[in-house]
Amino acid sequence: MEPLELVADCARCSGLCCVAPAFARSADFALDKPAETPCPNLRTSVPGRTDAPCGIHTELLDRGFPGCVAFDCFGAGQRVSADWRDGPGAAREAFDAFAVLRPLHEILWYLTEPVPEADDGLRDEVTAAARRVAGLAEGSPAGVDVGAVRAEVGELLGRVSEAVRGSAGAPGHARADLVGRDLRSGRAARRPLAGTTLRAALLMGADLRGVDLGRADLLGADLRGADLRGTRLADTLFLTGPQVAAARGDATTTRPARVPRPAAWGPAAVSATRRR
Ligand code: SF4
């Protein structure tokens, strides 16, 4: 089985992420949009258009749509074969497939996190789980219990995290409310953040300038508006493109090589490095 693409290719998608979800007017999205309704800024609602799907894609931040900048379908959109513009039946098929494929592709992204070379058994488990999830993503979306897949893989990813961080049972900051906190030098957190867990932590607007987040587990951490200038993210765990796109970085911010560098950060001052 060929590995699935986990990078979005909007040119091969009918703009599903701009149609299928509902959006409430907020700091992330400047207007209310019902589910399964095209965003008024979407140009692919006009059949035959081949230019950029979003009519304001170069102005998303200025026009109040930062949530769109941070969104990533992890390559699910281009794998939906039905086209929602082809009538109600095709639309139903496309929306149902996207609702399953998008989370499965995100889970597959997490399963590509490198496992320590010494831990053959764990690496085999991750490889087997990736095959199972890819098999679900290749098959029919009907009957796929995404919640069950998340729970099963979540437990495995927890063990990957502990193996990489070497800190099973160590106290961390999972689900901590660190909104707007000054976390430089770990002052507000009272413990160094490198090698710790920040799973699902709320880090919106936190000041992480110059902080070493090496081997920190950032699965599900909310980094919207966090200041990551000069922050070391190069070997963080489970970091995604949407997380970094929602944060503020600069030329000295490092990130894992597999995570796209947001254009707003400018060119990297140093090469990104990997854990090994
Ligand atoms: S603003 Fe653009 S990117 Fe955002 S949902 Fe609308 S068309 Fe899509």
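This is a short tour of the model, stop by stop, with something to select at each one.

**Before you start**

The model is predicted: local features need pLDDT of at least 70, side-chain atom pairs count only at pLDDT 80 or more, and totals for chains, interfaces and linings use all residues. Residues are numbered from 1 along each chain as its sequence is written.

**Whole chain**

Show the chain as a cartoon. There are five helices and zero strands. Helices (H or I, at least four residues) and strands (E, at least two) are DSSP runs, numbered from the N terminus. From that end the order reads α-α-α-α-α. Of the 276 residues, 38% are buried. Buried means that 20 or more other C-beta atoms lie within 10 Å of the residue's own; exposed means 12 or fewer, and partly exposed is in between, with C-beta atoms placed from the backbone. Contacts are pairs whose C-beta atoms, placed from the backbone, lie within 7 Å. Among contacts between residues at least 6 apart in sequence, 45% join residues at least 24 apart.

**Stop 1: F74**

Select F74, in the loop between helix 1 (66-70) and helix 2. Its phi is near 55°, a positive value in a residue other than glycine. F74 is buried, with 23 other C-beta atoms within 10 Å.

**Stop 2: helix 2 against helix 4**

Select 88-110 for helix 2 and 146-165 for helix 4. Their axes come within 11 Å and cross at roughly 10°. That makes the two helices roughly parallel. Axes are lines fitted to C-alpha atoms, for helices over the stretch in contact, and angles run from 0 to 180 degrees between N-to-C directions. Angles under 35 degrees count as roughly parallel, over 145 as roughly antiparallel, 65 to 115 as roughly perpendicular and the rest as oblique.

Now show side chains. From helix 2, pick V100, P103, L104, I107 and Y110; they meet V146, V149, R150, V153 and L157 of helix 4. The residues of this contact divide into nine nonpolar, no polar and one charged. Here Ala, Val, Leu, Ile, Met, Phe, Trp, Tyr, Cys and Pro count as nonpolar, Asp, Glu, Lys and Arg as charged, and the others, Gly among them, as polar.

**Stop 3: helix 3**

Color V126, V133 and A137: they are buried. These buried residues fall within an arc of 45° seen down the axis, so they line one face of helix 3. The arc is that of the directions from the helix axis to the C-beta atoms. Their cover includes helix 2 and helix 4. Turn to the other side, where D120, G121, D124, T127, A128, R131 and G135 are exposed.

**Stop 4: helix 4 and its end**

Go back to helix 4. V153, L157, V160, S161 and V164 are buried there. The buried residues of helix 4 pack against helix 2 and helix 3. Just after helix 4, select G166, which takes a positive phi of about 60°.

**Stop 5: the loop to helix 5**

Select R175, in the loop between helix 4 and helix 5 (241-245). R175 has a positive phi of about 60° although it is not a glycine. With 13 C-beta neighbours inside 10 Å, R175 is partly exposed.

Finish at P192, in the loop between helix 4 and helix 5. P192 is partly exposed, with 14 other C-beta atoms within 10 Å. Draw a distance from P192 to G172: their C-alpha atoms, 20 residues apart along the chain, are separated by 9.6 Å.

Technical notes. Two residues are in contact if their C-beta atoms, placed from the backbone, lie within 7 Å.
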